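Hi,

Here is the model I promised to pass on.

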Protein chains: 2
Amino acid sequence: MNAPDTNNPVPRLLTAQTGPLLALESTLLERAADIEAWFRQQWLKTPPPFYSSVDLRNAGFKLAPVDTNLFPGGFNNLNPAFEALCVQAIQAAMQRVCPQASGVLLIPENHTRNQFYLENVATLFNLIKKAGFHVRIGSLMPDLHEPMELTLEISGRKLLLEPVQRDEDRVHVGDFYPCSVILNNDLSAGAPEILQGIDQDIVPPPNLGWHMRQKSNHFGFYREVAREFAEVAGIDPWLVDPLFRNCGQINFMKREGEECLEANVELLLEDIRAKYTQYGIKEEPFVIIKSDAGTYGMGVMTARSVEDVRTMNRKARTHMASAKEGREVTGAIIQEGVYTFEKMGEDEATAEPVVYMIDRYVVGGFYRLNSKRGNQENLNAPGMRFEPLAFDECCSAPDPDCGPDERPNRFYAYGVVARLAALAAARESQAVAEIRAQTASVAA
Amino acid sequence: MNAPDTNNPVPRLLTAQTGPLLALESTLLERAADIEAWFRQQWLKTPPPFYSSVDLRNAGFKLAPVDTNLFPGGFNNLNPAFEALCVQAIQAAMQRVCPQASGVLLIPENHTRNQFYLENVATLFNLIKKAGFHVRIGSLMPDLHEPMELTLEISGRKLLLEPVQRDEDRVHVGDFYPCSVILNNDLSAGAPEILQGIDQDIVPPPNLGWHMRQKSNHFGFYREVAREFAEVAGIDPWLVDPLFRNCGQINFMKREGEECLEANVELLLEDIRAKYTQYGIKEEPFVIIKSDAGTYGMGVMTARSVEDVRTMNRKARTHMASAKEGREVTGAIIQEGVYTFEKMGEDEATAEPVVYMIDRYVVGGFYRLNSKRGNQENLNAPGMRFEPLAFDECCSAPDPDCGPDERPNRFYAYGVVARLAALAAARESQAVAEIRAQTASVAA
């Protein structure tokens, strides 16, 4: 992990509407024991994802997830002080997932030129090793035929990538036959044949790659989770839930499906406006349009009106049409834009919290900062940087001795909302598994 | 928890015989993945104690546990940086012990005048609360009929002690009916009637109080664990196992059973001398004689020869005869004395590590220091003080990038040996439960 940040990065909350969020935080604190009991019940019904990261937006009046990643790629951005917590959580997760495992194969993404991502792989490798497992790195790169040692440019750490091989129903690298496979590869291009039908456990399951997931599906489950949670916490679910609509068929280049998009943008803006009126919020509503399948920050657009969509120029269209590994965008989700009023650093960079979880445990987080982007924009774009949360701000526990607006408690709120998103992902994952089981039984 | 110690308390190891321990540490590092896999197997067979603390002695040539407490009373001595780790481990432990629990009753010891112990109760209370439980403190003090608020002298924190009441098969305090009971009371005086046969889960089980336990029984299980572990790690079990013998009937005041004691001291000293010769250790062997039932540092004697026992004076006899809550000492364990060569602080105080565990997780530790005691003596005596371990020395994970004699790795060794003792306690606990089940079925 990176060196600790001694400047204790704490963003100040730039918003006039602190009322509702403080009310939300107070409620979470008051009801922490009931909320935690509810989470425990939920995890008994639906096991948590092996790991996950959730991007949050904190508007002051609202705190909501905007993306839930089941193959988190920023473990290197966590504060090193979180390491023991990560190690302990991996031990707990493996106990549940595969108690017999002693050898683990870590399969990362193929992009070996992204030095930041490689740092993530090195950190994750160390965490798994420190959790007490034999671990090696198996690469799916099609042109890799021999083990390849990389020396990382940033930390100087070394990584040995070995080609994944298959021997009947088991994968291996060299003479190392692991008990289980940990995927840090979202398999955007589909689950590769070499992993299909193997005997070893694979976590997370390969069918949770973005080639299978849709954001609208995830946020559908999230809506359900938020409603149930809101009853336990006694709040309006909207305070933690971004409204959304989706369009099944959109082709930005061919200008197909635009009517659906415009109609939904209009309807969603109206819904948000109604909520803003209800809470006396003076800001201008906006929506975020993005690919319904996963992207790496590509194909994301902010719109304040239907006009914004209508007048989108060719460059913007090309941008919207591009997605990871060149796949065409065919479905879009139109999501309530959540302002982020957190700012940080001398350059007053716009900030959004990213929370990391392993199993049911919040194990750390950081701020994604972008001084080139405004508070209505996607920060996962050029100019982005990260600031780890300091250890004493860990989100796992509220501190009853602090006021609700003090740091440990704001971060507890982050941890609660992030876990709601993880729970939605757990239900999504269970539904995918059930669909696959049904398909398999029909086929049989 | 106490304020963090910024002086980074690291004892220097005062010994000429660093060879064997460094060899031991190197072995633990090299085999960490196998050792951890072995621990995982063991915890599947025998669930870990809810919590435990283990006193270790580090002789340089040997690292061994000398006491295993199943009702640890020093959570206040842990570094506050360990808090998140403790909270997460409590969540994991409760998930296994009682996943449905939302209300927990914490039952502490009755001694309300020990301000250090009360700090421990307050810290433990906060940890359980932060783990997401409704928690209240139920007292077994016979003269407590109304709730009593205590303001702690050291931290200024407040504790509300409420009398435990019983309503048919359930215990409660006021209108609070907990799902489970966490005991921080070792029930030296026997399991009280009010807890017998209740419907709620009690962790740890009340039959693990010292009125039921014998050190010789525990160290018998430990010997077995150490032998199995030594095979996995490829070491001589003696390097982690203190030799011992026991005498069933001793009455120091009445001078009964002295022959047994003298014979066993002689035999044990011979065995230790043989081991010292084998490893070329020049120190003088010694033994520790203590009550076979639990004590709070009372009734502990160091002997270097049979003469030491024979010439024990009346004052020493009275001391040996006294035990917690005035019970007469009737059995004694004679344990290999393990030098502690760790020294710390300006006064060169003798130091021994104490490791804390919750469930299977090492969650922190501290040094017990005593500048008035030598390296062959029990440090749990007047003059004792504590130094928390700093966070980055957490014992849960070895650091492959450090040499075997560097701090994280020495502390990893502490965590391994402490967990061996916790595993012995787990087997002891299972045996007790089986004996009780048999007794119950015979009675039925």
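Where chain B meets chain A, the contact takes 37 residues from chain B and 37 residues from chain A. Bear in mind that this is a predicted model. About 3300 Å² is buried between the two chains, with carbon and sulfur atoms giving 53% of that area. On the chain B side, Arg40(B), Gln88(B) and Lys130(B) supply 20% of the area buried against chain A, more than any other three residues.

As for polar links, I get 0 salt bridges between chain B and chain A, but 8 residue pairs in polar contact. Helix 2 (32-45), helix 3 (83-97), helix 4 (115-130) and strand 18 (361-370) of chain B each put at least two residues into the side that touches chain A. Helix 3 of chain B has the largest share, 8 residues. By type, that side of chain B splits into 21 nonpolar, 9 polar and 7 charged residues.

Now for the inside of chain A. The domain assignment gives domain 1 (12-73 + 214-338 + 354-429) and domain 2 (75-211). Here 35 residues of domain 1 of chain A are in contact with 35 residues of domain 2 of chain A, and the two domains bury about 3000 Å² between them, 68% of it on carbon and sulfur atoms. In domain 1 of chain A, Phe50(A), Tyr51(A) and Phe71(A) lose the most area to domain 2, together 24% of what that side buries. Between these domains of chain A there are 0 salt bridges and 3 residue pairs in polar contact.

Cheers

How values were computed
Residues are numbered from 1 along each chain as its sequence is written. Chains are lettered from A and ligands numbered from 1 in the order in which they are written. This is a predicted model: local features need pLDDT of at least 70, side-chain atom pairs count only at pLDDT 80 or more; totals for chains, interfaces and linings use all residues. Side-chain values use heavy atoms; hydrogens and water are left out. Contact means heavy atoms within 4.5 Å. Buried area is the accessible area (1.4 Å probe) that two parts lose on being put together, summed over both. A salt bridge is a side-chain nitrogen of Lys or Arg within 4 Å of a carboxyl oxygen of Asp or Glu. A polar contact is a pair of N or O atoms within 3.5 Å; within protein, one must be able to donate a hydrogen and the other to accept it, and residues adjacent in sequence count only if both atoms are side-chain atoms. Helices (H or I, at least four residues) and strands (E, at least two) are DSSP runs, numbered from the N terminus. Ala, Val, Leu, Ile, Met, Phe, Trp, Tyr, Cys and Pro count as nonpolar, Asp, Glu, Lys and Arg as charged, and the others, Gly among them, as polar. Domain bounds come from an automatic or database domain assignment.
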